[in-house]
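This briefing covers charged side-chain pairs. Please look at the sequence and the structure first.

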Amino acid sequence: RVWARGRGWGQLKTPLTSIRMVAELMLSGRVRDEKKMSTYLSVIVGESQRLTRLINNILDFSRLEQGRKTYRTAEVDLTGLLKRIIEAHRLRITEEDLELDIHMDEDPLRVKTDPDAVEQVVLNLLDNALKYAGSGRFLRFDLERRQSGAVIRVCDGGPGIPEGHRDRIFDRFHRVDDSLTSVQPGSGLGLSIARQLMRDLGGDLVLESGPDNGCCFRVEILERERE
């Protein structure tokens with residue numbers, strides 16, 4: 001309903017505009033420097049990935065609202081999944097001057113869950129950190145086995161979330177503060193959808209007190225029977 005009034009759909013225009021502008025510049029033949037070409041290609045890839053995540057959020061919002069969201073359980077190696085996500089977005093993290101701090105065993109950590117849902121949750125948390133923790137010096141990923149599944153933590157040393165907003169950050173369309181978020185694109189749906197996905201899978205998404213007053217989100221993954 002809110003999307004139909006344009007609150008969220010407008011967010012799709014930003015990556016589309018960036019992709020079109022860069023593609024047109026490359027097509028014009030005016031860019032011949034290989035380093036610049038590589039940079040522009042990175043922009044296209046990054047904005048395409050961002051557009052995909054926005055569309056996934058929109059689709060999931062609609063499905064969750066209508067009770068039509070389906071999950072596909074499979075055995076997934078969470079170690080490999082996290083490594084793949086981190087490598088795919090290492091350039092974005094580096095460009096924000098954030099130091100990566102990774103805590104996980106090299107051995108595979110396999111659980112039965114919906115791998116697409118878990119990946120979307122982690123990507124939403126990663127996007128959230130890159131938007132608001134640019135001055136936080138680091139971005140940390142933790143993975144540990146639990147008796148009934150696993151826990152992933154995504155933490156940063158950014159400005160954190162004001163006390164008065166901590167109970168509302170999972171509300172749909174809630175943005176922490178206009179002065180903070182007005183320069184950052186977003187619909188206020190990412191965290192709400194991420195928590196709902198995990199709860200539907202029997203787990204949860206919880207905000208913890210982060211290091212250096214930053215943010216730390218705990219993704220609780222409950223192992224499910226294969227469907």
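Which side chain meets that of R199 in a salt bridge? The partner is D204, with 2.9 Å from N to O. A salt bridge here is a side-chain nitrogen of Lys or Arg within 4 Å of a carboxyl oxygen of Asp or Glu. The model is predicted, so local features need pLDDT of at least 70 and side-chain atom pairs count only at pLDDT 80 or more, while totals for chains, interfaces and linings use all residues. Residues are numbered from 1 along each chain as its sequence is written, and side-chain values use heavy atoms, leaving out hydrogens and water.

- The salt-bridge rule gives a count of 12.
- One network, joined by salt bridges that share partners, holds E144, R146, R153, E208, R218 and E220.

**Pairs at D204**
- D204 also forms a salt bridge with R195, at 3.9 Å from N to O.

- E119 and R84 form a salt bridge, their closest N and O atoms lying 3.2 Å apart.
- E119 is in helix 5 (residues 115-132) and R84 in helix 3 (residues 78-88), so this pair ties together parts 35 residues apart in sequence.
- Helices are DSSP runs of H or I with at least four residues, numbered from the N terminus.
- R84 is partly exposed, at 45% relative accessible area.

Conventions. Helices (H or I, at least four residues) and strands (E, at least two) are DSSP runs, numbered from the N terminus. Buried means under 20% relative accessible area, exposed over 50%, partly exposed in between (1.4 Å probe, protein chains only).
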